[in-house]
Amino acid sequence: MSDVLWFLTRSSGIIATVLIAAAIIDGFIYSGREGGQRMRPVWWVDLHRGLGGYALIFTVFHLLTAYGADLGYRVIDIIIPGISKQSTLAVTLGVLAFYAMLITVFTTWPKRRFRRRIWHAIHLLSLPAAIAIGVHGWQMGTDSRTGWYIAAMVVLTGLVMYPAGLRVSGLLRSRLVMFWNA
Amino acid sequence: MPAPNDPYDDIVTSPTPDDRLSELSARSAARRRELELNPPRHNGSKRRHAAKGSRTAALGLAVVSTLGMAAYLHQASQSSGSAVLDLATTDTTLPPPNASVPSSPKSTSTTKPSGTKSLADGNWTGAASMTRWGPVQVAITVSGSKITAASAPLYPSDDNRSISINRIAIPKLVQSTLTAQNANVNSVSGATYTSASYKISLQSAIDKSRAAS
């Protein structure tokens with residue numbers, strides 16, 4: 001049974017990473033108004049919220065299976081960052097990223113209660129969380145040295161960086177226009 | 001002249017703004033009462049999802065991918081394990097990359113317990129089992145039909161990552177061996193391949209000890 005859970009731990013961790021990347025890509029496409037004519041913005045934002053929620057569900061599943069697989073982690077190791085005795089840095093990054101995901105997802109639903117700037121700052125926690133997840137996977141992942149994993153992560157990084165680049169360039173362009181018009 | 005069916009034509013023809021305002025308030029109140037009596041099927045309590053189909057597809061794809069990937073990883077692990085078992089059966093001793101290892105499984109058996117399935121005392125070295133990162137070989141010391149010491153004279157150490165992983169994993173596997181007293185030891189997170197090969201080599205050493213008893 002613990003072997004089955006161990007394989008599910010590995011696969012759910014990888015799929016959670018893909019879902020997080022997909023949510024971030026969707027978020028950049030939506031916020032950068034790069035969604036095109038075919039899909040309305042509300043479609044992009046709804047899909048973005050769905051992907052974020054699923055990523056959180058898969059991350060919880062990843063934690064539960066990791067605990068159930070009898071890998072030597074205590075409950076406290078996956079609750080309090082920095083106290084795990086094995087792979088301390090990688091586990092700490094994973095725990096912190098999990099908390100960042102929780103905050104990001106659960107502040108999306110009561111979004112209107114926050115001031116927009118505050119909500120936006122909180123929501124941007126998802127970006128360092130994604131980086132922490134990448135490092136966590138690279139350091140701890142059993143499959144992180146396999147060719148298919150490296151190829152998948154390179155493709156995923158490229159897919160995230162493209163809309164991120166569009167978003168940042170759009171932001172800079174609008175700031176420049178504001179600057180010149182002022 | 002307003003166009004026919006213009007929704008604002010009655011606004012234009014309202015007698016005074018105050019009359020119009022009271023009329024709109026009355027309409028609004030009537031609408032609220034109507035909503036209270038006959039609430040719509042999709043009101044605020046049930047959110048409508050613009051991307052419902054895509055979300056469902058994403059969730060389905062994620063679940064199927066997780067299960068499929070778990071099955072693939074299991075399959076890959078099994079095929080790796082069968083290669084190792086073949087190696088163990090033929091008792092091939094792999095050339096040690098960085099560690100000095102006994103050239104063949106050795107035994108310095110001293111006493112033999114009476115039970116056929118108990119372990120014979122002595123030092124026993126299991127067959128090296130291959131991982132994709134290098135071979136793993138386990139040596140055990142049996143005393144009084146109990147495993148009193150275990151070590152891994154051979155493990156993947158060709159690169160810094162392997163060294164750092166196995167520096168942590170091997171002591172845990174050794175400790176687990178002494179606790180379990182059999183090859184059913186807990187795998188170490190982040191050292192799956194080493195753990196799997198360790199178990200196989202350990203089982204090989206235990207089998208040799210049993211065979212000698």
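Trainee: Is B:S129 buried or exposed?

Mentor: B:S129 counts as buried, because its relative accessibility is 0%; buried means under 20% relative accessible area, exposed over 50% and partly exposed in between, with a 1.4 Å probe and protein chains only. This is a predicted model, in which local features need pLDDT of at least 70, side-chain atom pairs count only at pLDDT 80 or more, and totals for chains, interfaces and linings use all residues. Side-chain values use heavy atoms, without hydrogens and water, residues are numbered from 1 along each chain as its sequence is written, and chains are lettered from A and ligands numbered from 1 in the order in which they are written.

Trainee: Where does B:S129 lie?

Mentor: B:S129 is in strand β2 (residues 129–131) of chain B, strands being DSSP runs of E with at least two residues and helices runs of H or I with at least four, numbered from the N terminus.

Trainee: Which backbone oxygen lies 2.8 Å from a polar atom of its side chain?

Mentor: That of B:S197 lies 2.8 Å from a polar atom of the B:S129 side chain.

Trainee: Changing topic, at what angle do the axes of α3 and α5 of chain A cross?

Mentor: Helix α3 (residues 88–106) and helix α5 (residues 126–140) of chain A cross at roughly 150°, their axes coming within 8 Å. Axes are lines fitted to C-alpha atoms, for helices over the stretch in contact, and angles run from 0 to 180 degrees between N-to-C directions. α3(A) and α5(A) are therefore roughly antiparallel, the word for angles over 145 degrees.

How values were computed
Parallel < 35°, antiparallel > 145°, perpendicular 65-115°, else oblique. Polar contact = N/O pair within 3.5 Å; in protein donor to acceptor, adjacent residues only side chain to side chain.
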